Amino acid sequence: MSGIDVRGLRVVIGERTVVDDVSLRVAPGECLAIVGESGAGKSMIAHALLGLTPDVATVTARRISVDGIELRDADEAAWRAVRGARIALVSQDALVSLDPFRRIGREIEEPLEIHSRASAPDRKRLAQAALESAAMPDAASRMRAYPHELSGGLRQRALIASALVTAPALIIADEPTTALDATVQQRILQLLRSIVDAGTGLVIITHDLAAAAHLADRIAVVQAGAIVECGPAARMLAAPQHAHTRELVDAWRVRPANRPERVDAPVLVAEGLTKTFAGAGRVVDDVSLTLHRGATLGVAGESGSGKTTLARLLMGIETPDAGAVRLGEMRWNPAPESARRPARRRIQLVHQNPRAAFDPRWSIGRSIAEALGAGGVPRRDRAAAVTRALEQVELDPALARRRPGQLSGGQRQRAAIARALAARPDVLVLDEPVSALDASVQVTILALLERLQRETGVAMLLISHDLRVLAAVADDVLVMREGRVVEAGATARVFAEPRHPFTRALLDAASLDADAPGPG
Amino acid sequence: MSARGMELARDSRGTPRRGMRRTQPRGGARTLPARMGLVLASVVLLVIMGMAIAPALFTGFDPLATNLPAALSPPSIEHPFGTDQTGRDVYARVVYGARSSMAIGIGAAGGAALAGLLLGILVGLAPRPVGTAAMRGVDVVLAFPEFLLALVVVAILGPGAFTIALAVTLAAIPVYIRLARAHTVTLRQAEHVESAMLLGIPRAIVVARHVVPAVAGSVSVLATIGVGSAIIASAGLSFLGLGPTEPTPEWGLMMSGGRNVLGQAWWIAVFPGLTVMATVISLSVLGRALRRRAEGRAT
C-alpha cells in the first residue's frame, strides 16, 4: 500500500526497551499526531521511521513499509534511497537545521541533486515552486536569502519547502512549531494541513495537544515507548479513554480557576513604565500595574512583546526612561542602587531556566543557604532552614548535597523557587517558570506556587506565553503586545469575554477545539 | 533529504551519530589507551617531582664530581646515561637538574597564573570601554611569541637563573589575562551571578564567592599546561647561555654542553632532551585531562 505501515516496531538500547510494539499506519492525505511527554519515546519512533536510530539501538519490526517499499531489514543504502525522496523530515529548530552559509534556494535544491536527474534550471524552478507551496511570501527573492535573514516562521517554511521539493509520499514533522509564537504556530499548522489535504501523509511528533487538535485526523498517545491509546482526534480529546490521555488532556485544558475575591494592600505599583533600547525601539510602552499581597498577576504575550523587559524594570535591573516603580512605601525604580540593596531580598526573580539561580559549582543547599543569609537567617540556623525550605517545595532534603546539574528539570525549578522564597520576599516575579517543563510537571509546579502563596502571602507576577498557565493561577491578567498592554482584567472575565482581537487569537491558538478560528 | 539527514546526524567532530548523542563518561580520559597515557604521565611526573625534592634517593653520584679517566663513556650499567667531557655522571646531573627546572616551571606558571588571574578579573569587571582598551594592549603583547618576550626581558635584565624565572613569568602573563577576562565577562552576565546580586549581596562579595573561584579553576587548568611551556622556555634560555652557568646541573645547559660532541657522545645532549620532552608531554596530558574534567563539571 502507499503511505506508511509499521507493525510491531520495537527499539531496544542496551537493556532498555525505548519503543515497545508500536504499530501505526498513515494513508496519503492523512495526518497522525504522536503525542507524549519528553522521554516517552516519540522522537525514537520518528527516527525509526526514517531509519535513523543510533548504532547502539536494535530495531525489530514485523513490517516497516514506506510507500509500498519494505524496509524492515533494509541497509543504509536502501534507506538513503528512500529518505528525502519518499519520506522527508521537518525538524524542530529551523535555525539549527539550515546551513547558515547556504542560501535557502540551494538548501531546498539539495534533495533534488541527490534523488533526481533534474537539470540545474529545473531544480531551481522546482525549488521555487516548493517555496511557493510552502506559502513563502516573495518566494523568488527569498531563494537568495540566508537563514539568518528570515524570521523563525519563514525559516520553518523554508524547511517545509525542502521536505516538499521531492514530492514525498510522507512527511515526518518533529515538533515543527514548538519554537514558534502562538500566532505564527497557527499559520504553520494551517500550511501543514493544506499539504495534507493535497494528498501527502503527515506524522507530526508533538507535546502540544492544541497543535495536534488543530492539525491531526488521528492522535496516538505514547507513554514509556508504547502507544497507549490511538483514535480520531476529536474523540480522543472529547472522551479520552486511557488514564494517561486523560491526564494530558486535563493538563492542557484552559480553565480559569475560581479564586476568591480578596484585595489586600498593594505591595508593588508601577506607573507609566517606558523603556526604549537603541535599535529595538520602545520595548515597554506606558505600562502600569498594581500587585496585591497574596494575589497573582499574570502577564501574557508573545516573544518580543516586552514581557521580560517589564520584569527587569520591576526587579530594578533596568532603569525606566519614564514612569516609576514603588515597592511597598519605598521608591524602588529609578533609585540609587545603594538605597535599593538592603531591600533587594523583598523582591525575587525565578527564571525560565531554573539552572540560572544556581552556581554550577555549588551544592543546592549552599545556594539556598546564601539566600537564607540574605533573608536574615543567622549562620548557625541555616542548615535546618535549608531542610525546611526543601521540604516546603516538596523536595527530599537529601538533595541539598547535589549539584544543580544532578537534578531533573522539575526538581531544579522547585529548588529555584525554594531559593527565591528563602530570602522571605514580598514579591516573586516568575519569568516563564514552567515553559521548559512537561505538561504534567507544569501542573504540579503551579499547584505548588498556589500553596506557597496561601502559606506565605507572597505576591506573584507570573509571566508566560502560555495562557493555560495563567488561567490556572492568575487572579488578574495583562495581555501585552509590542510593549503595550492591550487588555487587562480579572482572569475569568478576560478568558470568557476577551475584548481585544489579539487576546482572542491567543485563546484560539491554545484551545483544544479544532473548529476555533485561527488568528488572521 | 538524505544529505541534510546526514548533516543533522553528525556531531561537532564529524563522526556519524545517527540522531543521538553517544554517551560519554564524565570528564577524565575516555578510552583505555588514553587512560593508560594518563597513568604513565602521572608516574613520570611523580618521579620527576621526587628527583626535584630528594635527588639523593635516585642516584649515588655527585653531579659535580669530575672523573677525567671515565670521560665520555657511553651508557653502561654504572653510568646509565653515560658521562660527559669531564667524566661527570649524566644521569646524576639529569636528576639534580630536575629541581631548578621544576622550580622555574612551577614558579613561573604559578606566578603568571596568579598575576593573570587578578589582572584578568579586574579587566573583566571594569566598564566595557576600559576593558576593551586594556585588552587591545594585551593583544599587542600576545602577538609576540612567548619565547621572544622572555628573550627581551633577559636582554634587559641580564642573564641569570632568577632573571630567567622572571622573564618566563612575565612572558606567560598575557595568556592568563585573556582567559581570566573572557571567563569573567561571561560570568558577569551569568544568571546565577545576577541572582546573587538580586539578593542584595554587595558586588565585591558576589565576585569573591561566584566569580573568583570559577575563574581560578579554569586558570589553574591552563597553568598545568603552562608549567610545561615554562620548562621549555627556561631550558631554551639556558641552552642559549642566558641562564645558570657551569657547573650547575640544568637540562638546557647540559644540552648546550653536549651539542658540540653530538657525533662522538650523543648521550650527553640526548638524555636531558628526552627528560624535558617526557616532562612536558606528561604535563600536557595531565593538563588536558584536568580540562576535560573541568568542562564536564561546568555543563
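Me: What makes a residue buried or exposed here?
Reply: A residue is buried if 20 or more other C-beta atoms lie within 10 Å of its own, and exposed if 12 or fewer. Anything in between is partly exposed. Keep in mind that this is a predicted model. In chain B, 41% of the 299 residues count as buried.

Me: How many helices and strands does chain B have?
Reply: Chain B has 10 helices and zero strands. Along the sequence its pattern is α-α-α-α-α-α-α-α-α-α. Now look at contacts in chain B between residues at least 6 apart in sequence. Of these, 67% join residues at least 24 apart.

Me: Which residues of helix 9 of chain B are buried?
Reply: Count neighbours residue by residue. Trp251(B), Gly252(B), Leu253(B), Met254(B), Met255(B), Gly257(B) and Gly258(B) are buried. That is seven of the eight residues in 251-258, so helix 9 is largely enclosed by the rest of the structure.

Me: And in chain A, which residues of helix 12 are buried?
Reply: The list for helix 12 of chain A is Lys307(A), Thr309(A), Leu310(A), Ala311(A), Arg312(A), Leu313(A), Leu314(A) and Met315(A). Eight of the nine residues in 307-315 are buried, so this helix too is largely enclosed by the rest of the structure. Just after helix 12, Gly316(A) takes a positive phi of about 75 degrees.

Me: Which residues touch the most other members of the largest nonpolar core?
Reply: The general idea comes first. In soluble globular proteins, nonpolar side chains tend to be buried together. Here the largest nonpolar core holds 245 residues, and Leu461(A), Val168(B) and Tyr176(B) touch the most other members. The core draws at least three residues from each of domain 1 (101-165) and domain 2 (266-357 + 424-510) of chain A. The C-alpha centres of those two domains lie 40 Å apart.

Me: What is Leu461(A) in contact with, leaving aside neighbours within four places in sequence?
Reply: Its partners are Leu291(A), Leu297(A), Val299(A), Leu314(A), Val427(A), Val429(A) and Leu430(A). One of them, Leu314(A), is among the buried residues of helix 12.

Me: How do I read a helix pair? At what angle do helix 15 and helix 16 of chain A cross?
Reply: Take the axis distance, then the angle, then the hand. The axes of helix 15 (residues 382-392) and helix 16 (residues 409-422) come within 9 Å and cross at roughly 125 degrees. The two helices are therefore oblique to each other. Their crossing is right-handed. At the meeting point, Ala389(A), Leu390(A) and Gln392(A) of helix 15 face Ala418(A), Leu421(A) and Ala422(A) of helix 16 in contact.

Me: Is the crossing of helix 8 and helix 20 of chain A left-handed or right-handed?
Reply: Left-handed. The axes of helix 8 (residues 182-197) and helix 20 (residues 501-510) come within 9 Å and cross at roughly 55 degrees. Helix 8 and helix 20 are therefore oblique as well. Ala182(A), Thr183(A), Gln185(A) and Gln186(A) of helix 8 meet Ala505(A), Leu506(A), Ala509(A) and Ala510(A) of helix 20.

Me: Now the backbone. Which peptide bonds are cis?
Reply: Most residues other than glycine have a negative phi, and most peptide bonds are trans. One cis bond runs from Asn333(A) to Pro334(A), with omega near 0 degrees. Pro334(A) lies in the loop between strand 16 (330-333) and helix 13 (337-340) of chain A. Another cis bond joins Glu246(B) to Pro247(B), with omega near 5 degrees. Pro247(B) sits in the loop between helix 8 (203-239) and helix 9 of chain B.

Me: Where does Ala224(A) lie?
Reply: In the loop between strand 10 (218-223) and strand 11 (226-232) of chain A. Ala224(A) is not a glycine, yet has a positive phi of about 50 degrees. With 15 other C-beta atoms within 10 Å, Ala224(A) is partly exposed.

Me: What is the phi of Ala167(A)?
Reply: Positive, about 50 degrees, although Ala167(A) is not a glycine. Ala167(A) lies in the loop between helix 7 and strand 8 of chain A. It counts as partly exposed, with 15 C-beta neighbours inside 10 Å.

Me: Is Pro168(A) buried or exposed?
Reply: Buried, with 24 other C-beta atoms within 10 Å. Pro168(A) lies in the loop between helix 7 (152-164) and strand 8 (170-174) of chain A. Not counting residues up to four places away in sequence, Pro168(A) touches Ala85(A), Arg86(A), Ile87(A), Ala88(A), Ala163(A) and Thr200(A).

Note on methods. Residues are numbered from 1 along each chain as its sequence is written. Chains are lettered from A and ligands numbered from 1 in the order in which they are written. This is a predicted model: local features need pLDDT of at least 70, side-chain atom pairs count only at pLDDT 80 or more; totals for chains, interfaces and linings use all residues. Domain bounds come from an automatic or database domain assignment. Helices (H or I, at least four residues) and strands (E, at least two) are DSSP runs, numbered from the N terminus. A nonpolar core is a set of buried Ala, Val, Leu, Ile, Met, Phe, Trp, Tyr and Cys residues joined through C-beta atoms within 7 Å. Two residues are in contact if their C-beta atoms, placed from the backbone, lie within 7 Å. Axes are lines fitted to C-alpha atoms, for helices over the stretch in contact, and angles run from 0 to 180 degrees between N-to-C directions. Angles under 35 degrees count as roughly parallel, over 145 as roughly antiparallel, 65 to 115 as roughly perpendicular and the rest as oblique. A crossing is left-handed if the near helix is turned anticlockwise from the far one by less than a right angle, and right-handed if clockwise.
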